[in-house]
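I opened this notebook to record what I looked up in one protein structure.

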Amino acid sequence: MTRPLAVIIGVGDGLSASLARALAGRGHDLVLAARSADKMAALARDTGAATHQLDASDPAAVAALFDGLAQAPRVVIYNPSARVRGPITDLDPQEVRSAIEVTAFGAFLTGQAAARRMLATEPVDGMRGTILFTGASAGVKGFAQSATFAMGKFAQRGLAQSMTRELHPQGIHVAWVNIDGGICTPDRGNPPDNPDALPQPDAIAQTYLYLIDQHRSAWSEELTIRPWVERF
């Protein structure tokens, strides 16, 4: 029996690693993609994943990745983003362009390529696959000296909203996940006096699995995750 395939774009040692382990544990074959091959090596050994070195903002590279898959993916997750901080009057236009290409244009390329492969398959119980975009609170409200990140995440959120209306009726579940807070990683831990101040990547991964498992009669198109200590 063919195992379902999951593709994770933008792999590091935080959320994407938790997602890879969670999906592998559920019987998915994995394809991991990132700019740095070194970042994926240990995770690939642990999960049996195939790896691809990828610039997610390169149309030809993204198309080649999805065209080269042995089967249509059942799950595709887009994690990459980039930001350039500073006063609006001081931002370098080329750096801003490059950051938006990663956060927004790369999301479009991945969403387009994933949808093409999924739509070419026959649905199973009315379902062809799930495409998830990792967002942030910057896609809901822009913060001072963070215009670049806000532009990228607002664009990504709009992309996801448009894709839901087009693809949900065709059996592809699309959702944008607003992670409202910095994620706890090996390099960025919680303070000792507030151990749950930052969202835990394994806990976030469980929420992604919840989205993947949703019945099509009650699909979410957007979901917000924030730590319990967050001040609204």
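The entries below follow the order in which I consulted the structure.

**Entry 1: Confidence**

I noted at the outset that this is a predicted model. I looked up the mean pLDDT of the protein and found 92. I also recorded that 91% of its residues reach 70 or more. I then asked which element has the lowest mean pLDDT and which the highest. Helix α2 (residues 37-47) is the lowest, with 90, and strand β4 (residues 75-78) is the highest, with 98. I keep in mind that where pLDDT is low, the predicted coordinates should not be read in detail.

**Entry 2: Overall build**

Reading along the sequence, I wrote down the pattern β-α-β-α-β-α-β-α-β-α-β-α-β. For the extent of the C-alpha trace along its principal axes, I recorded about 50 × 40 × 40 Å. I next asked how the radius of gyration relates to that of a compact globule. For 232 residues, such a globule would have a value near 17 Å, and the protein has 17 Å, so the two agree.

**Entry 3: Helices α1 and α6**

Before turning to pairs, I reminded myself that two packed helices are described by the angle between their axes and the distance between the axes. On the α1 side I found Leu-15, Ser-18, Leu-19, Arg-21, Ala-22 and Leu-23. These meet Pro-201, Asp-202, Ile-204, Ala-205, Tyr-208, Leu-209 and Ile-212 of α6. Sorted by class, this contact has 10 nonpolar, one polar and two charged residues.

**Entry 4: Helices α3 and α4**

I then examined helix α3 (residues 59-67) against helix α4 (residues 93-119). They pack at an angle of about 30°, with their axes 10 Å apart. This angle makes α3 roughly parallel to α4, because angles under 35 degrees count as roughly parallel. The crossing of α3 and α4 is right-handed. Helix α3 contributes Pro-59, Val-62, Phe-66 and Asp-67 to the contact, while α4 contributes Phe-105, Leu-109, Thr-110, Ala-113, Ala-114 and Arg-117. I counted by class seven nonpolar, one polar and two charged residues.

**Entry 5: Helices α4 and α5**

Last, I looked up α4 with helix α5 (residues 147-167). The axes come within 8 Å and cross at roughly 15°, which makes α4 roughly parallel to α5. This crossing is right-handed. The contact residues of α4 include Val-96, Ala-99, Ile-100, Thr-103 and Phe-108. Among those of α5 are Met-151, Gly-152, Lys-153, Leu-159 and Met-163. The residues of the contact divide into 13 nonpolar, five polar and one charged.

Key: Residues are numbered from 1 along each chain as its sequence is written. This is a predicted model: local features need pLDDT of at least 70, side-chain atom pairs count only at pLDDT 80 or more; totals for chains, interfaces and linings use all residues. Side-chain values use heavy atoms; hydrogens and water are left out. pLDDT is the predictor's confidence in each residue, from 0 to 100. Helices (H or I, at least four residues) and strands (E, at least two) are DSSP runs, numbered from the N terminus. Axes are lines fitted to C-alpha atoms, for helices over the stretch in contact, and angles run from 0 to 180 degrees between N-to-C directions. Angles under 35 degrees count as roughly parallel, over 145 as roughly antiparallel, 65 to 115 as roughly perpendicular and the rest as oblique. A crossing is left-handed if the near helix is turned anticlockwise from the far one by less than a right angle, and right-handed if clockwise. Contact means heavy atoms within 4.5 Å. Ala, Val, Leu, Ile, Met, Phe, Trp, Tyr, Cys and Pro count as nonpolar, Asp, Glu, Lys and Arg as charged, and the others, Gly among them, as polar. The radius of gyration is taken over C-alpha atoms; the globule rule is 2.2 Å times the number of residues to the power 0.38.
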